[in-house]
Amino acid sequence: MDGTVTASSDPNQPRTVDGGQGVKWWTDAWALFTKNAAIWIVLGLILFIILIVLAFIPIVGQLASFLLLPVFVASWMMAAQNVEGGGTIEVADLFSAFKGDKVTSLIVLGALLLAMMVVIFLVMGVLGFGGFMGMMAGGSMGSAKGMMAGMGVSILAMLIGFVLVTLVTMAFWFAPPLVALRGVAPVDAMRLSFAACMKNIVPFLLWGLIYLVASIVASIPFALGWLVLGPVLMLTVYVSYKDVFAA
């Protein structure tokens, strides 16, 4: 891909790309999508149904969704690589990473993701509970300042949660393809992913602006636009990985 600013001699080290690549990631993902639009939509629906079913299974299903998510993402990356190389794609490709030798590493990656989300949940829970108790105490005492302080703590909890989730997303974004396509160890993959996102804040900001607009548009007609946006979103992970890691 074009738009490289700096590159590393180490193939596993991320490079910095031009800010405009954040737009190109979408156009390249769209080009991959249109090669096999129908099957990408089918794969997206199947993955959505699987995750929804798991979400309704108390505890075990929710744990499984975190552990298996990197495996599904890796399967998607492998399918994208195959399509880009001129190969065909079928429903079974959604489960291709389950059959490879990287499945254990991908599940470990899911466990790391789960652990970080649990920490975030606990932090937000403690801060949120503190804010709620502050508002209750202020209300019972008739203190407007106490209620405002409690609301402030609650808002702070949401902001901290947003920042922490963003950081975790940065650590996870490139991790599945790094594990599945390069054999990088899970912890190293998350470290490299985070470093890659930090090096490419500008293109990711542009990517995010386009995503924001696209998600609003996709949600208007009964959220039917997500049938297309979902698969294209997944493909932006692959094309951005290829760009940043010179794959």
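Is Ala223 buried, partly exposed or exposed? I will come back to that after the overall picture.

This is a predicted model, in which local features need pLDDT of at least 70 and side-chain atom pairs count only at pLDDT 80 or more, while totals for chains, interfaces and linings use all residues. Residues are numbered from 1 along each chain as its sequence is written, and side-chain values use heavy atoms, with hydrogens and water left out.

The protein chain has 9 helices and 2 strands. Helices here are DSSP runs of H or I with at least four residues, strands are runs of E with at least two, and both are numbered from the N terminus. Along the sequence the pattern is β-β-α-α-α-α-α-α-α-α-α. Of the 247 residues, 37% count as buried. Buried means under 20% relative accessible area, exposed means over 50%, and partly exposed is in between, with a 1.4 Å probe and protein chains only. Among contacts with a separation of 6 or more, 70% come from residues 24 or more positions apart; contact means heavy atoms within 4.5 Å.

Now helix H1, residues 21-35. Its 15 residues should span 21 Å at 1.5 Å a residue, and the end C-alpha atoms are 21 Å apart, which agrees. The expected span is 1.5 Å times one less than the number of residues. The buried residues of H1 include Trp25, Trp26, Asp28 and Leu32. The buried residues of H1 pack against strand S2 (16-17), H2, H3, H8 and H9.

Next, helix pairs. Two packed helices are described by the angle between their axes and the distance between the axes. The axes are lines fitted to C-alpha atoms, for helices over the stretch in contact, and angles run from 0 to 180 degrees between N-to-C directions. H2 (residues 37-55) and H3 (residues 60-84) have axes that come within 9 Å and cross at roughly 170 degrees. H2 and H3 are therefore roughly antiparallel. Under 35 degrees counts as roughly parallel, over 145 as roughly antiparallel, 65 to 115 as roughly perpendicular, and the rest as oblique. The contact includes Leu47, Leu51 and Leu54 of H2 and Ser65, Phe72 and Trp76 of H3. By class, the contact of H2 with H3 has 14 nonpolar, 4 polar and no charged residues. Nonpolar covers Ala, Val, Leu, Ile, Met, Phe, Trp, Tyr, Cys and Pro; charged covers Asp, Glu, Lys and Arg; the others, Gly among them, are polar.

H2 also meets H9: their axes come within 9 Å and cross at roughly 95 degrees. That makes H2 roughly perpendicular to H9. Trp40, Ile41, Leu45 and Leu47 in H2 meet Leu227, Val228, Pro231, Met234 and Leu235 in H9. That contact has 9 nonpolar, no polar and no charged residues.

Ser65 touches Leu51 and Leu54, leaving aside residues up to four places away in sequence. H3 has a kink of about 40 degrees at Leu68, shortly before the proline Pro70. The bend at a residue is the angle between axes fitted to the seven residues ending there and the seven starting there. Just after H3, Gly86 takes a positive phi of about 95 degrees.

Back to the opening question. Most residues other than glycine have a negative phi. Ala223 has a positive phi of about 65 degrees although it is not a glycine, and Ala223 lies in the loop between H8 and H9. At 37% relative accessibility, Ala223 counts as partly exposed. Phe222 lies in the loop between H8 (201-219) and H9 (226-244) and has a positive phi of about 60 degrees. At 79% relative accessibility, Phe222 counts as exposed.
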